Amino acid sequence: MTGPRIDGARLLGRLQALGAIGRDAEGRLTRLAASDADRAGREAVAGWMRDAGLEVMLDRVGNLFCVWQAGAPGAAPLMIGSHIDTVVDAGIYDGCYGVLGGLEVVQALREAGVQPARPIAVAAFTNEEGVRFAPDMMGSLVHAGGLGVEAALATVGTDGAVLGEELARIGQAGPHEPGFLRPHAYLELHIEQGPVLEREGVPIGAVATLQGISWQRVTIEGVANHAGTTPMSMRRDAGLAAARVVTFLRDRVSRANAPTVATVGCMAFEPNAINVIPSRAVFTVDLRDPDEDRLRAEEAALSRFLDELAAAEGVTIAVERLARSGPVTFDPAILRAIEDAAARHGLRCRRMTSGAGHDAQMMARICPAAMIFVPSADGISHNPREHTAPADLVAGAQVLLDVARRLACGETGVPAA
Ligand code: HGY
Ligand code: MN
Ligand code: MN
């Protein structure tokens, strides 16, 4: 294959270098949004962007961009993005691969002397994971106009911190108004985080759809009492009630012949003492389904169950919505460009849906968007064992480069903005 080539060593080296930033004394990687570790990661990425001769910009919610001011002045840029914040005890590829892959594409095109018809921007969106501050995909949601800037900055995290104050503290509250870059199109390169590509031996996924996501926080109030003296019939046990919700969700999803997934990822009891019946249980519910009607039906079924549970166990139950996004369909012209690019490199490609949420789903609200997946070893992600073979990482970035070049040079049938 002729044409611009990815510098695989540069991409893989940066992935490892960024993956070393934000590790604790036990070596676990955690770069929660707007933390000191996030600052260190952002400074490294911004440094690589400047080293590449690109203009670096920050918006008011900390979305980090670099822009190659090529092509027609004032033309809407092609944007390639993802995130560099992580979950707790994370792997090194989730999000980072897409940001560093985008930077690599811009550098490879510039070094090859390609002259795009429009600017190309690379984005690292704030708080994609939503672990510290909900909702997830927050920076791209604000960029796409789905959440107000002030509301985002006022968000209180699980540790009581306020996002706007944290961004200011780490020097990541920028001057630009979110949404100041209106993309012509958006591309995101990401690890699959699931088992499909590896199981089928396919190196490239053209992501056609992304499932709907519903996040809720449930607070159950019971009555603390003595674990030894309180008869079972007299208990108002918040801990038991919470456990019933966990099994309700699993049993319901297991019975349904549907792709719905349900997860209780966080749970805390109060007073959290071995010999005290829990007075309070606070936990999260993550429901997802590719079909909006089914997702709504699952939310309604959970709501009914909580009402019945409250009456049966003599507890009170409050629910707070943390995030909600419907299923997304990505752009067919870009999907075809991804498949063509894979074919030109002799790489098998298959269309697929994304089980995970991504910034691309928010950007699809304002421009044609699509994603490229590469295989995840054993389908593992959100886990330090997260891994993708170097050859797959380089192949995915090469496909990204080819699609970006065609989009930025007006060869894909995506209408010019
Ligand atoms: O939760 C998700 O799917 C994404 O990793 N934020
Ligand atoms: Mn991600
Ligand atoms: Mn993630």
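This is a predicted model: local features need pLDDT of at least 70, side-chain atom pairs count only at pLDDT 80 or more; totals for chains, interfaces and linings use all residues.
The points below cover the ligand site, the overall fold and some backbone details.

**Surroundings of ligand 1**

- The shell around ligand 1 consists of Glu128, Glu129, Asp136, Trp215, Arg288, Ala356, Gly357 and His382.
- By residue class, this shell divides into four charged, two polar and two nonpolar residues.

- Arg288 places a polar side-chain atom 2.6 Å from an oxygen atom of ligand 1.
- Gly357 takes part through its backbone, with a polar backbone atom 2.7 Å from an oxygen atom of ligand 1.
- Taken alone, ligand 1 exposes 210 Å², and the protein buries 95% of that area.

**Overall dimensions**

- Along the principal axes, the C-alpha atoms of the protein chain fill a box of roughly 80 × 45 × 40 Å.

**Cis peptide bonds**

- The peptide bond from Ala134 to Pro135 is cis, and its omega is near 5°.
- Pro135 belongs to the loop that runs between strand S4 (120–125) and helix H4 (138–143).
- A cis peptide bond is also present from Glu270 to Pro271, where omega is near 0°.
- Pro271 lies in the loop between strand S10 (267–270) and strand S11 (276–277).

**Positive phi at Asp89**

- Asp89, a residue other than glycine, has a positive phi near 55°.
- The loop that holds Asp89 is the one between strand S3 (78–83) and helix H3 (96–111).

How values were computed: Residues are numbered from 1 along each chain as its sequence is written. Chains are lettered from A and ligands numbered from 1 in the order in which they are written. Side-chain values use heavy atoms; hydrogens and water are left out. A residue is near a molecule or strand if one of its heavy atoms lies within 4 Å of it. A polar contact is a pair of N or O atoms within 3.5 Å; within protein, one must be able to donate a hydrogen and the other to accept it, and residues adjacent in sequence count only if both atoms are side-chain atoms. Accessible areas come from the Shrake-Rupley method with a 1.4 Å probe; for residues, only the protein chains shown count as cover. Ala, Val, Leu, Ile, Met, Phe, Trp, Tyr, Cys and Pro count as nonpolar, Asp, Glu, Lys and Arg as charged, and the others, Gly among them, as polar. Helices (H or I, at least four residues) and strands (E, at least two) are DSSP runs, numbered from the N terminus.
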